[in-house]
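Reader: I would be grateful for a close look at one part of this structure, namely its pockets and the strands around them. Please treat the matter as one connected account.

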Amino acid sequence: MKKENRDTQSGYHRTTAVWLMCVLIIACFNSALPGQERIFLSHSRQTIGTQKNLSASVRLADIDGDQDIDILVANGRHWPQQNFIFLNHGRGRFSTQRTLGQDQCTSYATEIGDIDGDGDLDVVVGNDQAPNLIFLNLGDGKFGPGKPFGNVASVRSLTLADLDGDTDLDILATIRGSENRFYLNDGHGVFGQGIPFGSLTDSTIDVAVVDLNGDHLEDLVLANRDQQQNAILINLGNLKFAPPVLFGNPGDSSRAVVCGDFDNDGHADIATGNIGRQNGLYFGDGRGGILTEIRFGRKDGKSYAIQTADLNKDGKMDLVIGNVLQQNAVFLNLDKGNDFREIRFGSPINATYGIDVADLNADSWLDIAVANSGAENRFFLNLKAKR
């Protein structure tokens with residue numbers, strides 16, 4: 001009888017030990033899972049410089065080749081101001097500020113990429129009614145004089161992509177109130193005359209480059225303002241494009257566009273940032289057309305910038321929106337693009353014209369940098385929300 005009790009107690013203790021071990025394993029496993037609840041915070045030391053410029057664009061990349069992410073800001077918009085590089089000295093400490101070029105310009109856009117094929121990152125700047133400039137990296141994050149390219153026009157955005165399939169980066173420039181142009185790279189950072197795309201009267205503010213129909217050719221998605229409908233230009237090959245396929249609401253005034261696979265069906269989808277209306281998400285059919293669309297965000301939205309990334313490591317593409325006189329917002333993708341959780345961040349009185357995403361403090365989570373017109377620029381760390 002006593003032996004039976006001892007056996008029973010022993011079995012009980014073994015069962016309890018196994019149960020506790022399972023609880024511990026599950027707890028450890030859950031703690032290692034990607035954090036679903038995220039917040040995006042900035043404090044006084046997380047400004048990008050101290051000036052309050054008319055910033056229009058921010059880009060994040062390892063400009064000086066030291067394995068951390070630096071920040072490039074384009075300033076001015078319609079008024080000449082200085083562009084700046086902020087060097088990361090590790091874990092999000094931006095303690096060095098450099099000027100980009102000697103001249104102050106009316107800069108609206110800046111992009112980063114290896115333009116001349118030498119392995120380091122160069123900078124392309126698009127200006128409003130002033131010469132656009134290419135700055136070639138000398139190898140340590142310092143740049144030679146800016147080299148003009150393209151036409152003097154009301155440039156609003158730049159995109160770098162290999163349009164002609166020769167493995168180097170070409171430049172697409174969107175121009176408000178005139179025809180857009182792309183400039184082909186000879187492989188050494190020299191660009192010829194611009195080739196127009198879109199129409200003579202387009203008010204294109206942004207363009208996304210993506211293969212929408214699976215033919216391995218880069219198609220173009222245009223975000224248009226001034227009551228012009230957004231458009232898809234399907235690449236026919238040899239730098240020829242089909243007539244535009246219009247999408248979205250004719251009354252939309254779109255300021256930004258980005259593409260990604262939000263419903264995980266293997267096809268590219270389109271998201272637009274709109275002014276005065278909700279933003280739009282358009283699910284691609286894999287053949288260059290649109291299957292369905294949904295609206296997200298504020299009904300009176302003033303979205304000037306948009307980016308996409310997986311911010312909570314759940315395998316789904318999320319959206320980051322930069323707003324003017326409204327708080328910026330992260331939209332976490334909950335259900336294949338059909339449902340989002342909105343997380344607002346930043347000041348509701350700022351005018352965010354540009355936004356970008358990268359891991360700034362080397363913690364493996366993607367952070368957010370914003371370019372504000374008329375206020376300090378900031379970066380926001382991606383942190384686990386306290387429960």
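Author: In this predicted model, one may begin with an open sheet of four antiparallel strands, whose order is β14-β15-β16-β19. Its edges are formed by β14 (204-210) and β19 (245-247), each of which pairs on one side only. From one strand to the next, the twist averages 25 degrees. Between β14 and the antiparallel strand β15 (residues 219-224) there are six bridges, and Val209 has Leu220 in β15 as its bridge partner.

Of its 32 lining residues, Arg59, Glu111, Leu158, Asp206 and Gln307 lie nearest the centre. By class, the lining comprises 21 nonpolar, six polar and five charged residues.

Strand β10 supplies the largest share of that lining, six residues. In β10 (residues 155-161), seven of seven residues are buried. Six bridges join β10 to the antiparallel strand β11 (residues 170-175), where Asp170 is the bridge partner of Ala161.

The second largest pocket has a volume of about 380 Å³. It is lined by 23 residues, with Leu100, Gly101, Gln102, Phe135 and Gly146 closest to its centre. Two or more lining residues come from each of β4 (81-88), β5 (94-105), β7 (122-127) and β8 (132-135), and β5 gives the most, with eight. This lining divides into ten nonpolar, ten polar and three charged residues.

How values were computed: Residues are numbered from 1 along each chain as its sequence is written. This is a predicted model: local features need pLDDT of at least 70, side-chain atom pairs count only at pLDDT 80 or more; totals for chains, interfaces and linings use all residues. Side-chain values use heavy atoms; hydrogens and water are left out. Two strands pair if DSSP finds at least two bridges between them. Axes are lines fitted to C-alpha atoms, for helices over the stretch in contact, and angles run from 0 to 180 degrees between N-to-C directions. Buried means under 20% relative accessible area, exposed over 50%, partly exposed in between (1.4 Å probe, protein chains only). On a 1 Å grid over the protein atoms alone, a cavity is a set of points where a 1.4 Å probe fits but cannot get out, and a pocket is an open set with protein on both sides within 12 Å along at least five of seven lines; lining residues have an atom within 4 Å of a point. Ala, Val, Leu, Ile, Met, Phe, Trp, Tyr, Cys and Pro count as nonpolar, Asp, Glu, Lys and Arg as charged, and the others, Gly among them, as polar. Grid points are joined across faces, edges and corners, and a volume is the space filled by probe spheres set on the points.
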